[in-house]
Amino acid sequence: MAEVLDKARRIVFTGAAGGIGTMTRPLLARLYPGLVLSDRVRPADLQPGETFVPADLTQPDEVAALLKGAHSVLHFGGHSVEGTWDQILNANIIGCYNIFEAARVAGVKRVVFASSNHAVGYYPRSSRIGPNVTVRPDSRYGVSKAFGEALGAMYSDKHGMSVTCLRIGNVGPIPLDVRRLSIWISPEDIVQLFQIGLEHPDIRFEILYGESNNEASWWDNSRAYQLGYKPTGRAEDHRAHAEAEQQKIGPDPVGDLFQGGTFTSAEFTNDVDKAGPQ
Ligand code: 15L
């Protein structure tokens with residue numbers, strides 16, 4: 001990495017008690033000692049030496065106190081799947097706004113935002129997309145991620161904040177099913193993307209896909225590679241497991257056509273040939 005980050009700088013990680021937080025914290029603790037972990041609830045497995053500051057993202061005062069003096073933010077807090085409008089509005093729309101606005105006020109230099117593949121979930125599995133396609137959210141959740149990307153672009157252009165949006169596929173030790181063979185990312189590889197967002201000197205505003213080195217990928221992630229990404233995970237190594245798991249799930253006539261899977265078939269009332277880009 002060209003720029004060496006001053007490790008003494010305050011880096012705040014929201015959503016630290018969630019799935020991605022739990023999988024990446026041990027790796028991050030080694031890279032960024034002093035990382036400030038935050039969530040509404042204390043992580044059950046908080047280690048001695050880890051710093052935890054509770055905050056409710058819907059409360060601007062709590063978010064402002066959390067980000068005071070911060071240099072960078074890994075924003076992974078919020079609602080991580082489809083939810084009611086009330087849940088999404090509070091956790092992902094208001095919460096995300098509160099983070100970016102408190103970051104601006106606090107003079108935060110860099111934000112890495114957990115976007116999602118569900119911001120573009122209605123692209124067909126037969127298409128290959130890059131970071132600059134029109135968003136095609138597959139859910140209220142996906143819309144909130146597109147909103148977060150738009151906020152990030154605005155704070156980058158208007159206020160000079162370095163913002164990296166990670167359109168994350170699915171983070172885990174192995175791909176869970178056939179769809180995840182195309183979008184899986186290992187905890188180690190997503191931490192590499194965090195590092196790029198926190199440290200790479202060239203970042204103004206970027207959308208990168210959060211996937212490992214997947215042969216069945218639907219995404220052009222060449223920008224991540226240009227920025228130094230060297231994923232070590234390979235979904236194909238787990239194909240037999242993913243195919244066996246898929247047998248247990250059975251077909252989804254809508255979800256199997258689109259990248260977002262079950263998020264696209266949930267609440268679906270359209271014809272499949274009228275959904276997604278023409
Ligand atoms: C996501 O955005 C979710 O946070 C995660 O729980 C998975 O559903 C993932 O997408 C996925 O698409 O597999």
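This is a predicted model: local features need pLDDT of at least 70, side-chain atom pairs count only at pLDDT 80 or more; totals for chains, interfaces and linings use all residues.
The backbone of S80 places a polar atom 2.5 Å from an oxygen atom of the ligand. From H118, a polar side-chain atom lies 2.7 Å from a ligand oxygen. R179 takes part through its side chain, where an N or O atom is 2.7 Å from an oxygen atom of the ligand. How much of the ligand does the protein bury? Taken alone, the ligand exposes 320 Å², and 80% of that is buried by the protein. As for where the ligand sits, its space is the largest pocket.

Rolling a probe the size of a water molecule over the atoms shows where empty space is left. Counting cavities of 30 Å³ or more, we get two. The largest cavity contains about 50 Å³ of space. Its lining is made up of H75, G77, G78, A91, N92, C96, F113, S144 and K145. By class, five of the lining residues are polar, three nonpolar and one charged. Two helices, α3 (85-106) and α4 (140-159), each supply at least two residues of that lining, and α3 gives the most, with three.

That's my tour, friends; over to you for discussion.

Definitions and conventions. Residues are numbered from 1 along each chain as its sequence is written. Side-chain values use heavy atoms; hydrogens and water are left out. A polar contact is a pair of N or O atoms within 3.5 Å; within protein, one must be able to donate a hydrogen and the other to accept it, and residues adjacent in sequence count only if both atoms are side-chain atoms. Accessible areas come from the Shrake-Rupley method with a 1.4 Å probe; for residues, only the protein chains shown count as cover. On a 1 Å grid over the protein atoms alone, a cavity is a set of points where a 1.4 Å probe fits but cannot get out, and a pocket is an open set with protein on both sides within 12 Å along at least five of seven lines; lining residues have an atom within 4 Å of a point. A molecule sits in a cavity or pocket if more than half of its atoms lie within 2 Å of its grid points. Grid points are joined across faces, edges and corners, and a volume is the space filled by probe spheres set on the points. Helices (H or I, at least four residues) and strands (E, at least two) are DSSP runs, numbered from the N terminus. Ala, Val, Leu, Ile, Met, Phe, Trp, Tyr, Cys and Pro count as nonpolar, Asp, Glu, Lys and Arg as charged, and the others, Gly among them, as polar.
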